[in-house]
Amino acid sequence: MKAMEIKPGIYWVGAKDSLVRDFHGYKTQRGSTYNAFLIVDEKIALIDTVKAPFSQEMLDRITSIVSLDRIDFIVANHAEMDHSGALPDIMRLAKNAQLITSPNCDANLKKHYNTDGWKVSQVRTGQSISLGKRTLTFVQVPFVHWPDSMVAWCPEDKILFSNDAFGQHLSPNSLFDDETPKDIIFEESAKYYANIVYPFANQTDKALEAVKPLAPSIIAPSHGVVWRTMVPEILAEYGKWVKHQNNGSALIVFDSMWESTTKMAKSVRDFFESKNIPVRFCSLKTDHISDIMTSVLSAKYIAIGTPVLNENMMPTMAGFLTYMRGLKPRGKVGFVFGSYGWNFRLHKEIEESLKALEWQIPVPAQSIKYVPSAIELEALQAALEPLIQ
Ligand code: FEO
C-alpha cells in the first residue's frame, strides 16, 4: 500500500472501499473511499483517518512516506466513524502526535473511543497551526455533516480539506476529478448531497459563503475524488443545491398491489409528458430510495403514489417517506395519488405530511376506487392541470 502524492509534500494515505454496497442505508453501487491526507513539512500532519477495518491500509500508506513517530499533528475534522475509526490505532502508534480537533469533536470522540492518554489540543474557527512552510487554519462548519464538523485550510497551497462537504461515495480508479468521468462524479456528488447533506442546507450555505472568498485551487474531501480542475463547478452545484433550486423536472415515486396505482402513475407520467416536462418514473419495487433522493434533489414536481393497504400505505412507501422527510427537501410541488378499496383517508394524510415539508400542494390527493377506468384516468389527468400553473 503506497501513498499517492497530490502536491509536492502532500499525500493521499486513505483507503478505497471498493466493495461496500451499503453505507448506513445508502446504496453505494460504486463503492466509497475514506480519504486521509499526510502533509510532510518541517512538521508532519495527518488530516483525518479511515474506517476502522481499513486502519492497517492507512498505516501502510503513511509508513511508505514517514515513520509514525514523526507525525506531529493528527487533525480530526469530524467524529463520524468513517473518518475517526482508525484514530485509536494511530493515536497509540504515533507516540509524538497531538490530536487537533474542535471542542465538539473532542467531546464526541470521547463518546466513541477510550481517549485516555491522547494529547488533545482544541481549536476553534480561525485558529491555525504552523507546519513550517505551510499553515493549517481551521473553520468549524457545524452540521456539515454533524455538529462537530470542521474543515482545514492550507493557504500556501490553496487546498481545502473539506471532510464530508463536496464528497461522493465513489471508489475511483484514480484520485482526481479530471481522471474520472465527469458525469459520474457529478451524479455521485448530487446523490451524496441529497442523502447526507440535504437536511443541513442552511448551514452548508453559510459554509459555502466562507469557502468562496478563499478561492481554493484544490478541494480534498474525505470521500471520492480530489477536485483540482472542477472546483468552480462543484462550488456552483452546491450553490444551487443549498438554495433548493430545481431543474423543472417531475418525479413519480410509487408502489402498487394489483397495478391499479401503476395505471394511475402512468397516467400521471402521460400528463407531464404532454406538457413537455421531463419525468422520472420510479417504482419502489425496483428503485433504491437513496437513488430516488438524487431525483428528489433536482425535481420540481414530486408525485407520490400508493394503494391503501390495511388503512395504511405500502411499507415501501412508508420507508421512502420516512427517509425523505428526514432529509427535508424544500421548494417542491407535491401531489398524492393511489388506489383504494374502502378507505381513502390515507392519501389525505400523506398530503398533510408533505405540507409539513412546506411543499406546495395545488392539486388535492386523487384516490380511485379499485381499478381505474379509462374515464377515471382521463379525469385524473384533467385534475392535474393546476399543478403547473
Ligand atoms: Fe463521511 Fe459524516 O462522515
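The second largest cavity in this predicted model holds about 30 Å³ of space. So who sits around that space? Its lining is made by F23, H24, E80, D82, H145, D164, H169, Y192, I196 and H223. Sorted by class, that lining has three nonpolar, four polar and three charged residues. Have a look at H24, H145, H169 and H223 on the screen, which are among the lining residues.

Now, how many cavities of 30 Å³ or more does the structure hold? There are two. Let's turn to the largest cavity, with a volume of about 80 Å³. Its lining residues are V141, V144, V151, L160, S162, A165, F166, T204, A207, L208 and V211. Two elements each give two or more residues to this lining: β15, spanning 159-163, and α6, spanning 201-211. Which of the elements gives the largest share? That is α6, with four residues.

Let me finish on the outside of the protein. W342, Y370 and V371 together make a nonpolar surface patch of about 410 Å². To find V371, go to the loop between β21 (366-369) and α12 (374-383). Is V371 buried or exposed? V371 counts as exposed because its relative accessibility is 53%, and the cut-off for exposed is over 50%.

Terms used:
Residues are numbered from 1 along each chain as its sequence is written. This is a predicted model: local features need pLDDT of at least 70, side-chain atom pairs count only at pLDDT 80 or more; totals for chains, interfaces and linings use all residues. Side-chain values use heavy atoms; hydrogens and water are left out. Patches are made of residues with over 30% relative accessible area and no salt bridge: like charges are joined within 9 Å, nonpolar side chains (Val, Leu, Ile, Met, Phe, Trp, Tyr) within 5 Å. Accessible areas come from the Shrake-Rupley method with a 1.4 Å probe; for residues, only the protein chains shown count as cover. A salt bridge is a side-chain nitrogen of Lys or Arg within 4 Å of a carboxyl oxygen of Asp or Glu. Buried means under 20% relative accessible area, exposed over 50%, partly exposed in between (1.4 Å probe, protein chains only). On a 1 Å grid over the protein atoms alone, a cavity is a set of points where a 1.4 Å probe fits but cannot get out, and a pocket is an open set with protein on both sides within 12 Å along at least five of seven lines; lining residues have an atom within 4 Å of a point. Grid points are joined across faces, edges and corners, and a volume is the space filled by probe spheres set on the points. Ala, Val, Leu, Ile, Met, Phe, Trp, Tyr, Cys and Pro count as nonpolar, Asp, Glu, Lys and Arg as charged, and the others, Gly among them, as polar.
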